[in-house]
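Work through the exercises below with the sequence and the model side by side. Try each task before reading its solution.

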Amino acid sequence: MILGEKIAALRKQNNWSQEDLAEKLELSRQSVSKWESGASIPDLDRIIKLSALFGVSTDYLLKDEMEEITYSETDEPSEGAARRVSLEEATAFMNLSRETSRWIALAVFLCILSPVTAIFLGGLAETGRIPLSVTAAGSIGGLVLILIVAAAVALFILNGLKLSKYEYLEQTDIVLEYGVHGIVEKRKEDFSHTFRAGITIGVVLCILSVVPPLLCAVFMAGEIARAVSACLLLLFVACGVWIFVRVGSIQGSFQKLLQEGDYTSQKKAANQALGVFQGAYWCIVTAIYLWISLTQDNWGRSWVIWPVAGVLFAAVFGILETVLKKKK
């Protein structure tokens with residue numbers, strides 16, 4: 001039975017005329033007639049709507065060889081079983097990942113730039129360019145930093161909650177329904193140029209970030225110039241990381257659905273353990289940064305903790321990942 005015949009059969013089971021079905025789908029009766037006659041086929045959005053309207057799976061609609069009706073799954077899969085992902089669910093996840101990626105990237109951008117005010121005010125205060133003591137400048141900078149970090153955390157939480165219902169994609173094995181794999185592959189292929197360009201630009205920006213401090217060292221610049229160079233370094237890094245996170249989140253949504261890269265069946269168990277490490281590590285780093293900055297009143301230099309922590313994180317994360325792979 002082909003798609004057109006299935007649409008006609010399901011329509012008649014519900015005692016709907018072609019006009020009734022067309023009205024529910026907000027299109028013309030001629031479109032429904034063409035589908036049922038095989039003169040045309042509905043697009044992907046219409047197939048999703050037909051699946052929801054008739055209460056059957058998209059798998060049943062798309063597979064010509066399936067004669068027995070398979071209804072949409074409403075129950076959770078049994079423990080240990082691979083979870084089926086429909087076209088509608090996959091599309092919603094990819095669209096949501098693209099939407100939230102910009103806000104998550106912005107949150108990371110804000111975290112990296114949060115010390116800028118403290119660094120700049122500290123430089124001005126040390127040279128007497130502003131009527132503030134170094135302590136007062138550091139306190140104001142610290143307050144601004146806390147406010148920026150609070151805004152970033154809010155963005156992390158809000159967008160994390162939106163994505164939380166799709167956490168199973170990172171934790172359990174999945175099976176894509178018929179036709180979904182090809183659609184995800186196509187979107188991934190269309191995005192590949194943007195992904196490669198984004199990674200390239202991000203790397204270049206991170207490399208260029210060291211230029212301002214190097215120029216200050218070469219020309220033995222004053223305190224204000226050093227403060228500005230440190231701010232420029234953070235700005236370059238923040239822009240580079242913003243691009244990394246933006247394109248990486250979108251690329252990651254494709255990999256999660258296709259179970260590629262860091263989301264293969266073998267790596268999902270390891271990712272759960274590593275996820276606990278990531279959360280604990282950055283909480284500790286943040287606590288150390290705030291403790292040193294507040295107790296020593298040295299906001300102008302304590303930002304160095306972040307790049308050092310980033311390098312250490314990459315090293316420790318790689319070691320843990322290797323150990324977990326060997327155990328598997």
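**Exercise 1.** Where is the place of aspartate 45?

Solution. The model is a predicted one, in which local features need pLDDT of at least 70, side-chain atom pairs count only at pLDDT 80 or more, and totals for chains, interfaces and linings use all residues. Residues are numbered from 1 along each chain as its sequence is written, and side-chain values use heavy atoms, with hydrogens and water left out.

Step 1. Find the element. Helices (H or I, at least four residues) and strands (E, at least two) are DSSP runs, numbered from the N terminus. Aspartate 45 lies in helix H4, residues 44-54.

Step 2. Classify its accessibility. Buried means under 20% relative accessible area, exposed over 50%, and partly exposed in between, with a 1.4 Å probe and protein chains only. Aspartate 45 has 52% relative accessibility and therefore counts as exposed.

Step 3. Look across the sequence. Aspartate 45 and threonine 91 are 46 residues apart in sequence, and their C-alpha atoms are 9.6 Å apart in space.

**Exercise 2.** Describe the chain as a whole.

Solution. Step 1. Count the elements: the chain has 15 helices and two strands.

Step 1. State the burial: of the 328 residues in the chain, 37% are buried.

Step 2. Turn to contacts, where contact means heavy atoms within 4.5 Å. Among contacts between residues at least 6 apart in sequence, 73% join residues at least 24 apart.

**Exercise 3.** Determine how H6 and H10 pack.

Solution. Step 1. Take the axes, which are lines fitted to C-alpha atoms, for helices over the stretch in contact; angles run from 0 to 180 degrees between N-to-C directions. The axes of H6 (residues 87-113) and H10 (residues 180-208) are 9 Å apart, and the packing angle is about 20 degrees.

Step 1. Apply the angle classes: under 35 degrees is roughly parallel, over 145 roughly antiparallel, 65 to 115 roughly perpendicular, and the rest oblique. H6 and H10 are therefore roughly parallel to each other.

Step 2. List the residues that meet. From H6 come Leu87, Ala90, Thr91, Met94, Asn95 and Arg98, and from H10 come Val180, Ile183, Val184, Arg187 and Phe191.

Step 3. Sort them by class. Ala, Val, Leu, Ile, Met, Phe, Trp, Tyr, Cys and Pro count as nonpolar, Asp, Glu, Lys and Arg as charged, and the others, Gly among them, as polar. The contact of H6 with H10 has seven nonpolar, two polar and two charged residues.

**Exercise 4.** Examine the phi angles of asparagine 15 and glutamate 26.

Solution. Step 1. Recall the rule: most residues other than glycine have a negative phi.

Step 1. Asparagine 15 has a positive phi near 60 degrees and is found in the loop between H1 (3-13) and H2 (18-25). Its relative accessibility is 68%, so asparagine 15 counts as exposed.

Step 2. Glutamate 26 also has a positive phi near 60 degrees, and its place is in the loop between H2 and H3 (29-37). Glutamate 26 is exposed, with a relative accessible area of 68%.
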